[in-house]
Amino acid sequence: MEVSRKAILDKTHYGLNIYAHVLRHYYPGEIDSGDSSTPNKDKSKGAQTVLSLSGRDCKPAKNPFNADKPTLLIKVVDGCAIHTDSEEAIAQGNVFDFAALHFSLEGQALLDKLNEELHLRIGKQQGFYAQAESQPAVALSEIVKPAAPVFSYFNKPVTNVTPSWQASLIEVYNLIKGNEFASCTSTLRNIPDPKEARKYKAQNFDYVTFSGTFSKRNDANLQRHSGLLTIDFDHIQDIPSLKAALLNDHYFETELLFVSPSGDGLKWVIPIDLTQAKHQDYFKAVANYVSHTYQLEIDQSGKDISRACFLPHDSEIFINPKYL
């Protein structure tokens, strides 16, 4: 299946996600703001937004092709995001013209690059139980940014089993990407003794239960399943290669992917369809699939719906572009 412009626009909120993706390369310390999805605690500590959307127009953004001046004006016209520069530093154009400036590619090569770079999975098989088939095109007027899954958030230490609040995937993404957990993550990774490191992690890291909301953290007190499953990879020698492979997996769409607190593993959060199988059965199926496909064994604690996942700092965390 050849990647088309329309297919890309359908999956990137008219192309706005492409602008945000490119801008994050130049301004990695800034966050996206499509809705006010900052955590209740600290509100991201005043982090600046790389692209702020209001309706179908964006507030002036920094232009990396104009000495980082806030002269880039982006809006949606006829189902496609376009840009101008208030100082005319670059020519007026659409999102594909802007992407071409960054990637130095044109035509089909550019479209294929966007499909790969943003992990849009156009032309790829969707879902572990699904068979590859052509999907009907989605009308641009019907595109709605999906609501981010919600789950329970627990303040440290891990012995605290009463949730503090309900967090969304976007809120946790912003926390991990920001500096909220940078200090404790750095400290943990400099503790040489494994026993002392485990003790420090248990005492000093907030955590979430990605698979659902709970009144207390145990499977019996599940209030609502989030439709998410966390796969834990430990002691990985080549993290960049595994990360790239998971993001391009043919069966599972990645919702969130980040380096574990220890620094030598990955947390892979994927969607599951509970109408097809129970949580535990899904976990067994995924474990078998990972073993066969990647020759890796995963942490068996993921079979528990109330599994605790500690939140580290990872400036390179990946979130599915559909939420941005």
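# Briefing on a predicted model: helices, sheet and confidence

In helix H4 (residues 107-117), Leu110, Leu111, Leu114 and Asn115 are buried, where buried means under 20% relative accessible area, exposed over 50%, and partly exposed in between (1.4 Å probe, protein chains only). These four residues lie on the same side of H4, because they cover an arc of only 135° around the axis; the arc is that of the directions from the helix axis to the C-beta atoms. This is a predicted model, in which local features need pLDDT of at least 70 and side-chain atom pairs count only at pLDDT 80 or more, while totals for chains, interfaces and linings use all residues. Residues are numbered from 1 along each chain as its sequence is written, and side-chain values use heavy atoms, with hydrogens and water left out. Helices (H or I, at least four residues) and strands (E, at least two) are DSSP runs, numbered from the N terminus.

**Confidence**

- The protein averages a pLDDT of 86, and 84% of the residues score at least 70; pLDDT is the predictor's confidence in each residue, from 0 to 100.
- Over residues 34-47 the pLDDT is below 50, and this stretch has 26 contacts in the model beyond near neighbours in sequence, contact meaning heavy atoms within 4.5 Å.
- Residues 131-143 also have a pLDDT below 50, with 14 contacts in the model beyond near neighbours in sequence.
- Where pLDDT is low, the predicted coordinates should not be read in detail.

**Helices H2 and H4**

- The buried residues of H4 pack against helix H1 (5-11), H2 and helix H3 (95-103).
- His21 is located in helix H2 (residues 16-26) and is buried, with a relative accessible area of 13%.
- Leaving aside neighbours within four places in sequence, His21 is in contact with Glu117 and Leu118.
- The side chains of His21 and His25 make a polar contact at 3.4 Å. A polar contact is a pair of N or O atoms within 3.5 Å; within protein, one must be able to donate a hydrogen and the other to accept it, and residues adjacent in sequence count only if both atoms are side-chain atoms.
- His119, which follows H4, has a positive phi near 55°.
- Arg121 belongs to the loop between H4 and E8. Its phi is near 65°, a positive value in a residue other than glycine, and at 5% relative accessibility Arg121 counts as buried.

- An open sheet is formed by 4 strands in the order E9-E8-E10-E16, with antiparallel pairing; two strands pair if DSSP finds at least two bridges between them.
- Strand E9 (165-168) and strand E16 (309-310) are the edge strands, each pairing on one side only.
- Strand E8 (residues 150-154) pairs with strand E10 (residues 207-209) in the antiparallel sense over 3 bridges, and Tyr153 has Val208 as its bridge partner in E10.
- Helix H5 (residues 169-177) lies across E8, E9 and E10 and runs at about 85° to E9. Axes are lines fitted to C-alpha atoms, for helices over the stretch in contact, and angles run from 0 to 180 degrees between N-to-C directions.
- Pro157 is placed in the loop between E8 and E9, and the peptide bond from Lys156 to Pro157 is cis, with omega near 0°.

- E13 is mostly covered, with 6 of its 6 residues buried.
- Both faces of E13 are covered: Leu228, Thr230 and Asp232 are buried on one side, and Leu229, Ile231 and Phe233 on the other.
- In a regular strand the side chains alternate between the two faces of the sheet.
- E13 pairs with E15 in the antiparallel sense over 6 bridges, and Thr230 stands opposite Val269 in E15.
- His235 lies in the loop between strand E13 (228-233) and helix H8 (239-247). The phi of His235 is near 55°, a positive value in a residue other than glycine, and at 64% relative accessibility His235 counts as exposed.
- Ile239, Leu242, Lys243, Leu246 and Leu247 are buried in H8. They are on the same side of H8 because they cover an arc of only 130° around the axis.
- The cover over the buried residues of H8 includes E13, strand E14 (256-259), strand E15 (266-271), helix H9 (279-294) and strand E17 (318-319).
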